[in-house]
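Give each one a go before reading its solution.

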Amino acid sequence: MKADGADRAAALVAVAWEPSALGHAMSALTAACGLGSGAAPSPGAPPDGDPTAWIEAYAGCMGVEAEAVESSFADLPRAIASLGPAIVRVEQGYLAVTSAGRRGLSVLTPALTPARVPLETVRRALSAHLEDRPASHVDKWLAAARVSPRRAARARAELLAQLVADKPIGGMWLLRPDPGSSFRRLLAMRGVLRRGAVFLGAATAQIALGILAWWLIGAGALDGAVEPGWLLAWVLLSLSAIFVQLFASWAGGLLTIDVAALLKQRLLCGALRLDPAAIRARGSGELLAMVSESEAVETAGLGGALGAVVGLVQLASAAAILSAGAGGGLHVALLAGWTLAVGLLARRFARQRAAWTRERFAITSGFVENVVGHRTRVAQEAPHLHHVEEDAVLERYHAASRAMDRVGDLLSSLPARGWLALGLLGLVPAVLGGVGVGPLVVATGGILQAQAAFAALATSLGALLSAAVSWRSIARLFAAAANREPPGIPQAVLGRPATSDVTALATSLGALLSAAVSWRSIARLFAAAANREPPGIPQAVLGRPATSDVILEARGVTFRYPGERGEPALRDCGLVLSKGDRVLLEGRSGGGKSTLAAVLSGLHAPSSGLVLLRGLDRRTLGGAAWRGRVASAPQFHDNHVLSGTLAFNLLMGRAWPASPEDRREAELVCRKLGLGPLIDRMPSGLDQVVGETGWQLSHGERSRLFLARALLQKADVVILDESFGALDPLTARECVGAVIERAPALVVIAHP
């Protein structure tokens, strides 16, 4: 058994990368798997301990995402078999896994050559620290039970598995392309383009087999004798066409699933990367309607696209048949003209559908607004005015529905039936000219083939056009997925400077960034194509240039909201916040206090000027890292209690699921903020579900929850915007004391 362990260790040594070469391993793996170019600054070694933050940061520099994977001991073989591309940490170093299969893991060695490692070797390397501790006890049990050597190995494995079945095992990180990267590249990596070619080939083959089968039986019938061999060939071709059609349906289903999965991932990513100001401007009703439209694109759009492809292939085959029939060029011209007419009808349907969608959006938006403001309307609006606006909206919606339905009925029935009549009329000159039976039969077959094509197109065009109209509503989500700031070069990636050089580095960088202020006004156009926000450079990765007490500094900050005219919301603002500072920011309503808080917390980028956090600006530090170091509790209407447990709402700014230590700290902070009686009243304590469908919190309780959430983030700076306005004087005094005690640096915004 020890010899087997030594062999496994030797095998891993030959393929493992040294910790100091982890960045090179990730770059080579990214390039080998086609996730990206793998180009990134030359990295140093990851920090001691958990390298997750370092791996995520360096992956962000390469334009890919890294996700830590944790599995129980019982599910570890299944988790290992699904790895790739991935980084796996073992005692000997790091494995760069390109793919996984039944035979083992395919890895990239430090010599950039492929190799294969058995699954059991990797499983043992990941779980050895769990198995070694109880192994001695299990060996004693087996010896005492006098289990035969032939059965001892299996019994030992089963007992160890039972003892550590629920223990978590980490050390695995999946690498995947960023959802906001080129969608065509994502489709190619998923194999969608190849699968689409297979579907198109299968659909073409099915149509060709059907035409060939009827050509065989038709030729025999026109000759006056159908040979048994030809009849058998017709049966075989017809059966083959059926099986090919089933294969095409299967391939189309897989194609739809893959595209829908990528599209949903992209839209979800876009929703998370939307500008907060843009979200507020759209309203909750419009956002809800946008979600419903995304479902229409995924279901109707993809199915309609596949149906339209089949219909177009059928239409092309019908044109070829008609050109060889009695009508010849006349029939082909009629087919082209009718196709153009159907296209114009489809365009009209798209316009009516767009008008109907706008009215439906208005209904959805109005409904949500009325539900949210129901109590206000009941209290302040005259009863006879409650439904005046709703009646007008419903009337417009009804008129738009009638107009769309009229065109929709024409689109579903006219193309196929109208073509049949037009095609038969096109045969009249040939019949009057005394053409033979054979060409008439061919022309009739072409007419019927075109009729089937128009029937398929009529069914799919309605769904496809509806999805196209819906796409206009969600296109912003699709495009927002690419709205990531270009990642700066993190200090941990470049290698940490000596402590004596940190101040000089921060000073030089600050001077350099100050000189670049004028360039920044045009640099956004230059960098727009790569406007990607990094996943974040946490404090553990970047390290702290802690020789200076200045934490947050703003110089000449000016900010103007998009589309705003006149005076900017902020003009030439400055602030220096050092460790231990407590700043009270007062001013009139609309004076820009909340805007300044949003700029300092990283929610808005200044139009001009600099905001530095420990000498580094937001582009250099990264958006997620900035928000991790500057915690903000926005105004009440911009802060929310999510549907979930109280613990989740408190600790959502930290790792989740929460550790026992985090839960204890959360309860301690809550009790210092006066939420102890609330926790005691809740049947489940911190595990009580709160939010819209859970335990209802009062205004003051919500305010203190938001305070606790900001304090538990363990940030360097805490910014509180009107956070004490809903509290009575005694409770507010207790909360202020708790905040001052826990916040390293504090900015409080309040009215005079």
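This is a predicted model, where local features need pLDDT of at least 70, side-chain atom pairs count only at pLDDT 80 or more, and totals for chains, interfaces and linings use all residues. Residues are numbered from 1 along each chain as its sequence is written, and side-chain values use heavy atoms, leaving out hydrogens and water.

**Exercise 1.** Work out which strands stand at the edges of the open sheet.

*Solution.* Start with the order: four strands run β8-β7-β10-β11, paired antiparallel. (Strands are DSSP E runs of at least two residues, numbered from the N terminus; two of them pair if DSSP finds at least two bridges between them.) Next, count partners: β8 (570-578) and β11 (616-617) each have a single partner strand, so one side of each is left without a neighbour in the sheet. Finally, check the β11 end: two bridges join β10 (residues 608-613) to β11, and L613 has L616 as its bridge partner there.

**Exercise 2.** Classify the ring pair W214 and W234.

*Solution.* First, the rule: Phe, Tyr and Trp rings (six-membered ring for Trp) pair with centres within 6.5 Å; planes under 30 degrees apart are stacked, over 60 edge-to-face, the rest tilted. That rule gives eight aromatic pairs. Now apply it: the centres of W214 and W234 are 5.6 Å apart and the planes sit at 65 degrees, so this pair is edge-to-face. Then exposure (buried is under 20% relative accessible area, exposed over 50%, partly exposed in between, with a 1.4 Å probe and protein chains only): W214 is exposed at 57%, while W234 is partly exposed at 22%.
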